[in-house]
Amino acid sequence: MKKRINLMLVFVLMVSMALTACGAKKTEEGGAATGEAPGGKKLKVGMVTDLGSVNDKSFNQNAWEGLQKLKADFGYDVKYLEPKQDSDVDPSLNQFVKGGYDLTWATAFTLDDAVTRIAKENPNAKLGIIDSSIEVPNVAAVSFKEQEGSYLVGVIAGLMTKTNKIGFVGGMEIPPIQRFSAGFREGIKAVNPDAKYIENYTGQFTRADMGKSAAATMYNDGVDIIFHASGLTGNGVFNEAKERVAKGEKVWVIGVDKDQSLTFGDEVTLTSMIKKVDVAVYEISKQLAEGKFPGGKVTQMGLKEDGVGIADTSSKNVPADVLKKVEEYKTKIINGEIKIPEK
Amino acid sequence: MNNVRKLLRSDSIWIPVLSIIIGILIGAIVMLAGGYNPILAYQSLIEKIFGSPYDIGETLRQIVPLILSGLAVAVAFRGGMFNIGVEGQIVMGSLGALMVGNMLDLPPILHGIVAILVGALFGGIWGSLVAIFKVKRGLNEVISCIMLNWIALYISHIVIKTFMAEMGTSRSQPIHDSASIQIAWLSDLFGGARIHWGFFIVIFMLIGYYYYLNRTKWGYELRAVGYNKHAAEYAGMNVSSIAIRTFFISGAIGGLIGTFEILGVFKYMAIAPNTSGIGFDGIAVALLGMNTSVGVLLSGTLFGALYYGAQGMSFGADVPPEVIRMVISIIIFFAAAPAAIRMFLKMFRRKPKREEG
């Protein structure tokens, strides 16, 4: 018995030593700012993702990169939380709001109820939300004109399709995604009225397998270009295209949110529709420090504001004459000559 | 006194306790390996749970559905059946409560009561479908449960989109204020945390569960079927109707989870791409709680607190919340594989003790 107690004591000691050893190792990061903070203030900026992950290679990651740039440029204190279920959303937002953060970002359309509620309960806190057009005095909302950027990739797809069949894979059928589809459809129609447009909402943003099977159905049906706006589901679209390209078929994917050719390669990525979430997050956070926080306003990010557009790497696969056409349409949209529906 | 000593010597208390300790220790080791500070992490976890009245209130809010889900699974377990369909029953309960809360106009208190009852009824009917398939057609309940989960989810999508769509969003219209079961003064006391009557109903349900199993004829039949179905049948019990009854009760408890979430927490129902996952967590709660009333209360409280505290951990120590999920999985692993713990226990006991049945 005594021996056993000794054994146990040794074990407990070992564990506690291991634990304390690492306790001392904690290093202080940050403070390596390269630029002067505007307004002389170093803000604390938090961010709450939707139910996805901050490493989604798309939307949330983009927003987080914006915050990290703030940290690098001005030494801001930035932090994110990823709620794992709907009921975590309120506590996550409150963690920042009640924890004295100067600004709390919510990076999803689905968080707008929670943001509205918490903003009203805490009138002194400042919040920001992406992809929403709520108007609350202490909330800066950012809404992207996805239809404008999608119109441009629609022009590319319409001009470059060989089979005259073009597909769209969406996540859930919610207003921001409907704007993608509407713009894409109108862009195709403008340059190629005969092309057939096939639309499929998988209902999921996180299911690559569903994206893959949706893409397979479309490609089998003779579609040669698919535009996806479906977060991680779109990874499956890319995988399907990759397999087919390896077998010698000529199919393309149009990426979304970020330049996805960097992740999935130029042989399948025709171009990408970029949504500059990072720029929006960066600029508005900076405006807060400068005392120009756009609370209660909805900041519209369209082609004119350079909030959406096509990827810089598009010229690798898209011929110059097509890109010239894209520029023409871009000018027309900015001038207001073309009005694009949201649905 | 004798009883306490007996309890302390029995495996049924040490297996869960040791599972928890091992889970937390392995979690710490993984955090170390990942370059995080486990002491800081667990400290922020505890701070998050008890840090402020708001956090305590929200922890309670998180615990309520887990205890209920544990009860729903446990009652089926005791009858020798596996209800993996709590997920779907939650959805149906939510839908029932939402429809009453949104479409009917009733005076305040009555509205909430009717909504709760309809929610429980929806969940119960959805649950008893499983048992009906099982006893009439011999369909394994695990298969039908999982299928019915998805069917429930997509039914909810159709109903919300057709009757209660809120334009420009991916959720339903909110319920009327008269159907809310939130307790405003208690919420204020807890810094705005979402406290609702469901919290008190859960306490009654735990007592009711104990009473039902151990003090009623139906409960006796349920346990008899759980121990040995054929013996129970031979003794003259109607096994089919007991199965349907049990699944109705299990489903009704599942329905209550959804009901409380709609009426007390969210006030609307989201058109969600997936079910909530609470129903699956309930399996773990029931398992660790050994299907007893007190056990489910304790394990539900533990899991709820850990889930809620996980946010604090990622905030205070940058540890990804997945680590807490892993700790919980390890706890369940050892609780479900008691042989490993028994070996460990034997090492520390003077004389080998007979295993209890």
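**Close-ups of a predicted two-chain model**

**View 1. Two helices of chain B cross.** Helix H3 (residues 38-50) of chain B packs against helix H4 (residues 53-78) of chain B at an angle of about 90 degrees, their axes 5 Å apart. Axes here are lines fitted to C-alpha atoms over the stretch in contact, with angles running from 0 to 180 degrees between N-to-C directions, and helices are DSSP runs (H or I, at least four residues) numbered from the N terminus. So H3(B) is roughly perpendicular to H4(B) (65 to 115 degrees). Touching (heavy atoms within 4.5 Å) are B:Glu47, B:Lys48, B:Ile49 and B:Phe50 of H3(B), with B:Asp55, B:Ile56 and B:Thr59 of H4(B).

This is a predicted model, where local features need pLDDT of at least 70 and side-chain atom pairs 80 or more, while totals for chains, interfaces and linings use all residues. Residues count from 1 along each chain as its sequence is written, chains are lettered from A and ligands numbered from 1 in written order, and side-chain values use heavy atoms, leaving out hydrogens and water.

**View 2. Chain A meets chain B.** Here 39 residues of chain A are in contact with 41 residues of chain B. Three salt bridges (Lys or Arg side-chain nitrogen within 4 Å of an Asp or Glu carboxyl oxygen) link the two chains. One of them joins the side chains of B:Arg171 and A:Asp113, at 2.3 Å from N to O.

**View 3. A glycine tucked away.** A:Gly234 sits in helix H8 (residues 233-246) of chain A. With 0% relative accessibility, A:Gly234 counts as buried (under 20% relative accessible area, 1.4 Å probe, protein chains only). Its C-alpha is 8.2 Å from that of A:Arg207, 27 residues apart along the chain.

Definitions and conventions:
Buried < 20%, exposed > 50% of the residue type's maximum accessible area, 1.4 Å probe, protein only. Parallel < 35°, antiparallel > 145°, perpendicular 65-115°, else oblique.
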